[in-house]
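I opened my notebook today to look over one protein, starting with the whole fold and then moving to a couple of residues. Come along and check the entries against your own view.

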Amino acid sequence: MSRQLLVPMDDSEPARAALEHALALFPDDEITVVHAVDELEAQYGGRGGSDGERDDEPDFFADVKSIAAEYDTTVETVVVDGTAAEAILEYAEREDVDQLIMGSEGRSGVSRMLLGSVAEQVARRSPVPVTIVR
C-alpha cells in the first residue's frame, strides 16, 4: 500500500533537493508537489478557487515534472492560496497526507528573519512526520 507524500515547493535549490530525496527514497509512494501563493501575490497573479486551490501553475513546475521523469515517475502538482506554512498544513490535513518532505531553506536574509522559517513552522505544527532536507 503506497503512502501519500507531500513536497512543498518554491523555486529554490533546497526544495528541489527535497523533491529528489522523496523520489529516490520513496519510489512506490504517491508524491504531490504543492506551491503556496500568499494573498498579496494572489491578488496580482490571479484568483484562487473556492477550495483554496488554483488553476495556474508556476513556471518551475515544468522543472518539477522533468525531475520526476528522471526518476521514471510522475508527481501531482497543486497550487494553493495562503501563507506558506498555513497553506501547506491545511492541504496536508485535508488530503490525509502521511508525510511531508521539504527543503530546509526557501527564504533568506531579512525575509527569513521577519517571517521565520516555513520548514520550522511546519515541523512544529504538523500532525504527520516531517523530513527536512538540507
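How many helices and strands does the protein have? I found 6 helices and 6 strands, bearing in mind that this is a predicted model.

**Entry one: the overall fold.** I read the elements along the sequence and wrote down β-α-β-α-β-α-β-α-β-α-α-β. The protein has 134 residues, and 42% of them count as buried. I also looked up the contacts with a separation of 6 or more, and residues 24 or more positions apart account for 73% of these. The accessible surface comes to about 7,700 Å², with 47% of that belonging to carbon and sulfur atoms.

I went to strand S2, residues 30-37, where His35 lies. Is His35 buried or exposed? His35 counts as buried, because its relative accessibility is 10%, under the 20% cut-off. I then listed its contacts beyond four places in sequence, among them Asp10, Pro58, Phe60 and Val79. Met9 is in contact with His35 too, and the backbone oxygen of Met9 lies 2.8 Å from a polar atom of the His35 side chain.

My next stop was strand S5, residues 99-103, which holds Gln99. Gln99 counts as buried because its relative accessibility is 8%. Which side chain makes a polar contact with the side chain of Gln99? I noted Arg3, at 3.1 Å. Gln4 is 95 residues from Gln99 in sequence, yet their C-alpha atoms are 6.9 Å apart in space. Beyond four places in sequence, Gln99 also touches residues including Leu6, Phe26, Val128 and Thr131.

Key:
Residues are numbered from 1 along each chain as its sequence is written. This is a predicted model: local features need pLDDT of at least 70, side-chain atom pairs count only at pLDDT 80 or more; totals for chains, interfaces and linings use all residues. Side-chain values use heavy atoms; hydrogens and water are left out. Helices (H or I, at least four residues) and strands (E, at least two) are DSSP runs, numbered from the N terminus. Buried means under 20% relative accessible area, exposed over 50%, partly exposed in between (1.4 Å probe, protein chains only). Contact means heavy atoms within 4.5 Å. Accessible areas come from the Shrake-Rupley method with a 1.4 Å probe; for residues, only the protein chains shown count as cover. A polar contact is a pair of N or O atoms within 3.5 Å; within protein, one must be able to donate a hydrogen and the other to accept it, and residues adjacent in sequence count only if both atoms are side-chain atoms.
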